[in-house]
Amino acid sequence: MSDERFEETLYPGWRQVFAVDRWLHRERTEHQDLAMFESPVFGRVLALDGVVQITEGDEYMYQEMMVHVPIVGHGAARRVLIVGGGDGGCLREALKHPDVAPTLVEIDPSVVTFSKTWLPAIGKAALEDPRSRIVIADGVDFMKTSAETFDVIIIDSTDPHGPGEVLFTQDFYAACHARLSERGILVTQNGVPFTQGQEVTDSWHRLRGAGFADVTFYVVPVPSYVGGFMALGWASKDPANRGFDAGEARRRLEGRTLDTRYWTPEIQTACFALPRYVQDLL
Ligand code: AG3
């Protein structure tokens, strides 16, 4: 092991430090600082503006929950939009549903290019799959100018600092609401409630303000995100998109088993059970 280190700079008073076996790429793109390295515990890691976005070791936990919970919740999703997620991981999960036609809208083409080169195991095949439509564009512009409708919209963003900030506004949530079909579902990356509770509270108010009938959060542990426990925002036009049991989740897959390492039909329902301190943020 070399003495190289990568220090995450998300919180002024709390640091996580990775030993770096090898630097793979580092660049200041037009939009953000991009760092890729190989670490002993997590394998390859992508950080944007000093914040870990994805690691080979634990990426499945986050990506599977961002994607399968809304798709299974909807039950008949065809048109799925992913905003951000240029690494292709969420796209890969969406493609596990044979009827889904996924569109990915990513603002930073460097994230797509360098993820294909340095994190091929995560999303290269998905990013090159003929079923995937990749659009390099600003997510807000796309949402406001597109005339398309989607059954599920997944906001796979960075935290609300820098380029990701606009993706946490009520205005943007309202634009998503307008692009969703009748029973549509929006899910959002909403931070770590222990350290970023205000983000959960703010998003809850804004998602409700944007007109969704059912707004809550669901949770997933992600070891490489400092604090370890993520809240994902859930905003749905139809309250019946959640609250069903594991048997119903199985029936919706019509005998297919999703090839997953975190998601299970039981977790589809269990993930909506919120610890008291998270409930208190709403
Ligand atoms: N984007 C979510 C990164 C969130 C990091 N935030 C944090 N640790 N508070 C991941 C992109 C993967 N497709």
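Two strands are taken to pair if DSSP finds at least two bridges between them. Helices (H or I, at least four residues) and strands (E, at least two) are DSSP runs, numbered from the N terminus. The structure is a predicted model, in which local features need pLDDT of at least 70 and side-chain atom pairs count only at pLDDT 80 or more, while totals for chains, interfaces and linings use all residues. Residues are numbered from 1 along each chain as its sequence is written, and side-chain values use heavy atoms, with hydrogens and water left out.

Strand β12 (residues 214–221) pairs with strand β13 (residues 229–236) in the antiparallel sense, over eight bridges. Within β13, Met230 is the bridge partner of Val220. Seven of the eight residues of β12 are buried (under 20% relative accessible area, with exposed over 50% and partly exposed in between; 1.4 Å probe, protein chains only).

Arg179 belongs to helix α6 (residues 170–179). Arg179 is buried but has no salt bridge (a side-chain nitrogen of Lys or Arg within 4 Å of a carboxyl oxygen of Asp or Glu). The nearest side chain of opposite charge, that of Glu148, is 7.6 Å away; Lys and Arg count as positive and Asp and Glu as negative, with His and the chain ends not counted. Beyond neighbours within four places in sequence, the contacts of Arg179 (heavy atoms within 4.5 Å) include Met143, Phe150 and Ile153.

Ala121 lies in helix α4 (residues 120–128) and is exposed, at 64% relative accessible area. With neighbours within four places in sequence set aside, Ala121 contacts Glu56 and Arg92.
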